[in-house]
Amino acid sequence: MTRHPLCQFAPDVAAALEAGRPVVALESTIITHGMPFPQNVETARMVEAVVREGGAVPATIAVMDGLIRVGLGDAEMDRLGRARDVLKLSRADLAYAVSAGRLGSTTVAATMICAHLAGIGVFATGGIGGVHRGAGSTFDISADLQELAHTPVTVICAGAKAILDLPKTFEVLETLGVPVVGYGVDVLPAFWSRDGGIPAPIRLDDPAAIAAMVAARRALGLGGGVLVANPIPAEAEIPAAEMAGHVARALADAEKAGVSAKQVTPWLLGRVLELTGGRSLEANIALIRSNAALAARIAVAAADR
Ligand code: PSU
Ligand code: MN
């Protein structure tokens, strides 16, 4: 099997791909822009351990020294976790980071691109980007949505965050032809909360059924990705009503501070973390673990087909 010349693989990831064994891609923006050091590195390693327990090999993705790294060793993970001027990469700036040798972490969009280049079909994250509130005037819509339309990777998330305009986010996904699956639920989750108030367009209850739908999409030549929304475990959730106040406050503060462009999502998430006194971080860790476990089961089911 030939490997893309701009991808550099960790040995265990290369071996698994070679043998057709299950692999799960993981993003790195959450490490560089989502959590402080050292919790970011600890969480990243814990999430990788969950993927392994589920019978798949984890491949955390980042850009370093002109290459896409698919699977990070201890030195690379530590470097990424401590670094300060890390670029937050999406489709628009991935090539720049590679050509200029910059250190970059990958968002959902960039991780999907890199996973697909690397031959990985399943990817676990926390929450996807989406349509921001006020997008009618700011036009701020995450490139994650376009990427789901184009790149054939199955993304397991806990929904989109309440900092976004959730109804518009799911409208756009429908327009773009992206299947949105509620895993075991009839109502889509909203990241920190299990009930996002929007009916799930498709409900599937087991990993094999998800793998079967992905295979049918490929057989039909439809292209693009699939979004699986896996609700946060009940014991870790922060109810939507409680989050609403924190989100409103964070949005007002962001407007006052004049935050724009790529800074918007990390800034809002950081502010919510302060406002919840760290509780949102605990919820964040719980849902990523749960998504990693489900992604491993989906990758195993896909490899078994
Ligand atoms: N949502 C989260 N945590 C995150 C992100 C989103 O709950 O860390 C990150 C992801 O990497 C996502 C990116 O792809 O933010 C979206 O950023 P933007 O809105 O600038 O496209
Ligand atoms: Mn944006």
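This is a predicted model: local features need pLDDT of at least 70, side-chain atom pairs count only at pLDDT 80 or more; totals for chains, interfaces and linings use all residues.
Colleague: Which residues come nearest to ligand 1?

Modeller: A residue counts as near when one of its heavy atoms lies within 4 Å of the ligand. There are 14 residues around ligand 1. Those that come nearest are Lys 88, Ser 142, Asp 144, Lys 161 and Thr 265.

Colleague: How many residues of the shell around ligand 1 are nonpolar, polar and charged?

Modeller: The shell draws at least three residues from each of domain 1 (1–120) and domain 2 (127–305). By class, its residues divide into three nonpolar, seven polar and four charged.

Colleague: What percentage of the area that ligand 1 exposes when taken alone does the protein bury?

Modeller: Oxygen atoms of ligand 1 lie 2.6 Å from an N or O atom in the side chain of Lys 88, 2.7 Å from one in the side chain of Ser 142, and 2.8 Å from a polar backbone atom of Val 108. Taken alone, ligand 1 exposes 460 Å². The share of that area buried by the protein is 92%.

Colleague: Which pocket does ligand 1 take up?

Modeller: A molecule is assigned to a pocket if more than half of its atoms lie within 2 Å of the grid points of that pocket. The space taken by ligand 1 is the largest pocket.

Colleague: What is the volume of the largest cavity?

Modeller: The count comes to one cavity of 30 Å³ or more. Among the 14 residues lining the largest cavity, Glu 27, Ile 30, Ala 44, Val 47 and Ile 288 are the closest to its centre. The volume of this cavity is about 150 Å³.

Notes
Residues are numbered from 1 along each chain as its sequence is written. Chains are lettered from A and ligands numbered from 1 in the order in which they are written. Side-chain values use heavy atoms; hydrogens and water are left out. A polar contact is a pair of N or O atoms within 3.5 Å; within protein, one must be able to donate a hydrogen and the other to accept it, and residues adjacent in sequence count only if both atoms are side-chain atoms. Accessible areas come from the Shrake-Rupley method with a 1.4 Å probe; for residues, only the protein chains shown count as cover. On a 1 Å grid over the protein atoms alone, a cavity is a set of points where a 1.4 Å probe fits but cannot get out, and a pocket is an open set with protein on both sides within 12 Å along at least five of seven lines; lining residues have an atom within 4 Å of a point. Ala, Val, Leu, Ile, Met, Phe, Trp, Tyr, Cys and Pro count as nonpolar, Asp, Glu, Lys and Arg as charged, and the others, Gly among them, as polar. Domain bounds come from an automatic or database domain assignment. Grid points are joined across faces, edges and corners, and a volume is the space filled by probe spheres set on the points.
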